[in-house]
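Visitor: Could you walk me through this one? I'd like to go question by question, with the cut-offs spelled out.

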Amino acid sequence: MIRFWSAFLQKKENPEPELFTFTSRERRKWFRIRPSKEHPILLRIDDWTVEVRDIGASGLSFPGDGSLPLGAERTVRMDLPGDGPSISLEMKVIEIDERHVCHCTFRRIESASVERIHHYVLNRQKEILQKKKASKDRKNHLTDQNIKR
């Protein structure tokens, strides 16, 4: 099961040769997703709690306050939405962008925790797609009503 989700969520590193090539500056190996505003992911760093901006199987980002320098490593606790226990992991700050967003990679994390993150990302993707489909269906319905008038 883990192998299937890993293969599904992992970006292709060596795609088949094609007629066109695309070069990307994207350095992420895994897709990331934004948590919903209604059900945020909370990250506890030392005595500070912050909402996660985006998350994937190998890392996350969050708005920084200037207290974590580039290269900082911390053991943190993360609460995914739902009833599961907090995830304990070690992360490293690999970039701080111009908006002071800290981009981090997971350093030490249990495989069960990685699987929980995979599961969360997949369910969140489904939720987003369902909302987009419902929105499109509403627009089509309204358009159909206007045409009938």
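Visitor: Where does H100 lie?
Guide: This is a predicted model, so local features need pLDDT of at least 70, side-chain atom pairs count only at pLDDT 80 or more, and totals for chains, interfaces and linings use all residues. Residues are numbered from 1 along each chain as its sequence is written, and side-chain values use heavy atoms, with hydrogens and water left out. Strands here are DSSP runs of E with at least two residues, helices are runs of H or I with at least four, and both are numbered from the N terminus. On that basis, H100 sits in the loop between strand 6 and strand 7.

Visitor: Is H100 buried or exposed?
Guide: The scale uses a 1.4 Å probe on protein chains only: buried is under 20% relative accessible area, exposed is over 50%, and partly exposed is in between. H100 has a relative accessible area of 53%, so it counts as exposed.

Visitor: What is the phi of H100?
Guide: Most residues other than glycine have a negative phi. H100 is not a glycine, yet its phi is positive. The hairpin of strand 6 and strand 7 has four residues between the strands, and there H100 takes a phi near 70 degrees.

Visitor: Which residue has a positive phi in the hairpin of strand 1 and strand 2?
Guide: That hairpin has two residues between the strands. The residue is in the loop between strand 1 and strand 2, and it counts as exposed because its relative accessibility is 58%.

Visitor: In what order do the seven strands form the open sheet?
Guide: Two strands pair if DSSP finds at least two bridges between them. The pairing is antiparallel, and the edge strands, each pairing on one side only, are strand 2 (48-51) and strand 3 (54-55). The order is 2-1-5-6-7-4-3.

Visitor: Which residue stands opposite L43 in strand 5?
Guide: Strand 1 (residues 42-45) pairs with strand 2 over four bridges, and L43 stands opposite V50 there. Strand 1 also pairs with strand 5 (residues 73-79), antiparallel and over three bridges. In strand 5, the residue opposite L43 is M78.

Visitor: Which residue of strand 7 stands opposite L60?
Guide: Strand 4 (residues 59-63) and strand 7 (residues 101-108) are joined by five bridges. Strand 6 (residues 87-96) is joined to strand 7 by six bridges, with V93 opposite C104. The residue opposite L60 is likewise C104.

Visitor: Is S36 buried or exposed, and why?
Guide: S36 is in the loop between helix 1 (2-9) and strand 1. Contact means heavy atoms within 4.5 Å, and, leaving aside neighbours within four places in sequence, S36 is in contact with Y120, R124 and E127. Its relative accessibility is 6%, so S36 counts as buried.

Visitor: What does the side chain of S36 reach at 3.0 Å?
Guide: Look at the backbone of H39. The side chain of S36 reaches its nitrogen at 3.0 Å.

Visitor: How much of the protein is buried?
Guide: The chain comes to two helices and seven strands, in the pattern α-β-β-β-β-β-β-β-α. Of its 149 residues, the buried share is 30%.

Definitions and conventions: A polar contact is a pair of N or O atoms within 3.5 Å; within protein, one must be able to donate a hydrogen and the other to accept it, and residues adjacent in sequence count only if both atoms are side-chain atoms.
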